[in-house]
Amino acid sequence: MPGLYIHIPFCRKKCGYCAFYSAENTEKIDGYIDALAREAEIFGAAMRGFVFDTAYLGGGTPSLLSPKNFEKIFGAMYKNFSFKAGAEISVEGNPSDFCGENKVKFLRAAGVNRLSVGIQTMNGETLKKIGRIQTEQNNLLALEKISETFDNFSADVMIGLPGEGIREVEKTLKSILKFDAKHISAYALKVEENTPLHKTVKNGEVEIPSDDDAADAYDFTLDFLKARGIERYEISNFARKNYRCEHNLNYWKRGEYLGLGAAAHSFLRGVRFENQRGLDTYTESLKRGEGAAFYAEEIVSGGAGLEKAKNNSGIETEEKPGGAGLEKAKNNRVNETENISGGVGSGEKTAFKFEKITPKDALFEKIMLGFRLKEGINIAETEMEFGVNFLEKYRGVLDVYGKCFDFKDGNIAVKDNYFYIVNSLIEKFM
């Protein structure tokens with residue numbers, strides 16, 4: 001069953017490595033949340049038969065919201081959508097917002113059962129270099145407060161940060177594990193153009209590790225966590241048994257999801273669509289009766305009527321052969337560092353975009369997303385879903401690259417020592 005993603009694009013301060021749109025004008029939060037509630041009401045009416053397995057509040061920095069803001073979001077969420085018993089309800093945030101126990105305890109009492117906190121590193125000087133607003137002390141205090149209230153929480157760690165190698169990564173991991181974190185997401189830093197970090201690196205003010213050194217740090221992370229019972233289950237994600245992120249697993253298994261908020265991505269009934277970009281265009285479109293929500297019935301019915309209506313000012317189609325563009329949306333956020341969930345772009349477009357996925361593209365998406373998982377994809381299930389003989393269809397690829405794959409329990413999966421070239425392997429199946 002589907003997952004629900006709610007995008008909160010606001011940040012107190014944009015990180016130095018972030019290339020994507022975020023809003024520091026927090027005075028617009030109340031109006032934005034009113035728009036979210038309206039969008040939830042419209043989609044909820046069209047999705048009465050849906051039962052959601054997960055909900056994820058991502059951003060941006062959802063943790064900066066006030067209790068009043070959260071209450072309105074949760075009220076709209078539970079009023080308009082149905083959830084299975086024990087559904088995973090996640091909120092992500094900055095350590096500085098979790099240093100006081102009031103916010104943490106409030107979220108737990110409100111029904112949140114999983115937190116994700118952006119630690120990144122335990123080196124205070126590195127945090128400054130990359131433009132993070134928290135300190136090492138904030139990180140430690142946040143982990144203490146979170147671990148006192150939440151059994152299920154995740155910590156983000158960045159690899160390849162300026163001046164950091166294996167020793168610094170080890171310090172960060174050890175500090176996090178002192179608080180019994182059950183899940184860790186380890187991402188490689190990507191220096192994006194037109195960011196403050198890119199400028200300092202280009203000017204020689206900041207030096208980042210070589211690709212080989214970053215790869216060594218990643219290998220160390222893999223071995224370090226595995227030795228402590230925290231296994232990799234996806235390229236950048238590690239967890240103890242029964243603590244995998246169900247919301248993100250749904251993305252990687254090509255499950256359905258609904259994204260609410262500015263530029264949030266969704267995938268329902270074979271239709272992939274994206275909301276308007278920009279705070280003002282998103283909120284104003286809901287007031288004017290424009291946007292994806294007002295075509296909810298057509299979307300839920302598998303896109304019927306959307307093609308006929310695409311000439312309206314509120315709709316654009318996108319041609320994306322071979323699933324192109326999915327990598328950007330795979331975690332429901334425009335963030336190439338894969339810091340999982342609905343992203344916000346910088347454009348102020350008035351139209352929402354939709355794409356009806358062809359069977360050919362759907363099969364490639366299944367492969368592209370599934371090969372990110374340690375377990376890979378189940379061959380029999382894939383054959384049943386798409387009506388193909390998998391091994392025969394891709395015989396030419398497997399004859400050449402078969403050594404890169406494990407065939408176990410009916411699954412095909414990329415071997416651990418070939419995960420570094422997973423993107424290149426995926427291209428062979430296009």
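This is a predicted model: local features need pLDDT of at least 70, side-chain atom pairs count only at pLDDT 80 or more; totals for chains, interfaces and linings use all residues.

Trainee: Great. How much space lies in the second largest pocket?

Mentor: About 260 Å³. Its lining has 14 residues, and the closest to the pocket centre are Lys374, Glu375, Asp406, Lys408 and Ala413.

Trainee: And what's the make-up of that lining by class?

Mentor: Nine charged residues, four nonpolar and one polar.

Trainee: Which strand gives the largest share of the lining?

Mentor: That's β16, with four residues. Strands β7 (231-234), β15 (405-408) and β16 (411-414) each supply at least two.

Trainee: Switching topic: which way do the residues of β9 point?

Mentor: In β9 (residues 257-260), Tyr257 and Gly259 point one way, while Leu258 and Leu260 point the other way. All of them are buried.

Trainee: Okay, and in what sense do β1 and β9 pair?

Mentor: Parallel, over four bridges, with β1 covering residues 3-8.

Trainee: What stands opposite leucine 260 there?

Mentor: Isoleucine 6 does.

Trainee: Last one, glutamine 276. Where is it found?

Mentor: Glutamine 276 is in the loop between β11 (271-274) and α10 (279-288).

Trainee: Is glutamine 276 buried or exposed?

Mentor: Buried, because its relative accessibility is 2%, and the cut-off for buried is under 20%.

Trainee: So what does its side chain make a polar contact with?

Mentor: With the side chain of serine 285, at 3.3 Å.

Note on methods
Residues are numbered from 1 along each chain as its sequence is written. Side-chain values use heavy atoms; hydrogens and water are left out. Buried means under 20% relative accessible area, exposed over 50%, partly exposed in between (1.4 Å probe, protein chains only). A polar contact is a pair of N or O atoms within 3.5 Å; within protein, one must be able to donate a hydrogen and the other to accept it, and residues adjacent in sequence count only if both atoms are side-chain atoms. On a 1 Å grid over the protein atoms alone, a cavity is a set of points where a 1.4 Å probe fits but cannot get out, and a pocket is an open set with protein on both sides within 12 Å along at least five of seven lines; lining residues have an atom within 4 Å of a point. Grid points are joined across faces, edges and corners, and a volume is the space filled by probe spheres set on the points. Ala, Val, Leu, Ile, Met, Phe, Trp, Tyr, Cys and Pro count as nonpolar, Asp, Glu, Lys and Arg as charged, and the others, Gly among them, as polar. Two strands pair if DSSP finds at least two bridges between them.
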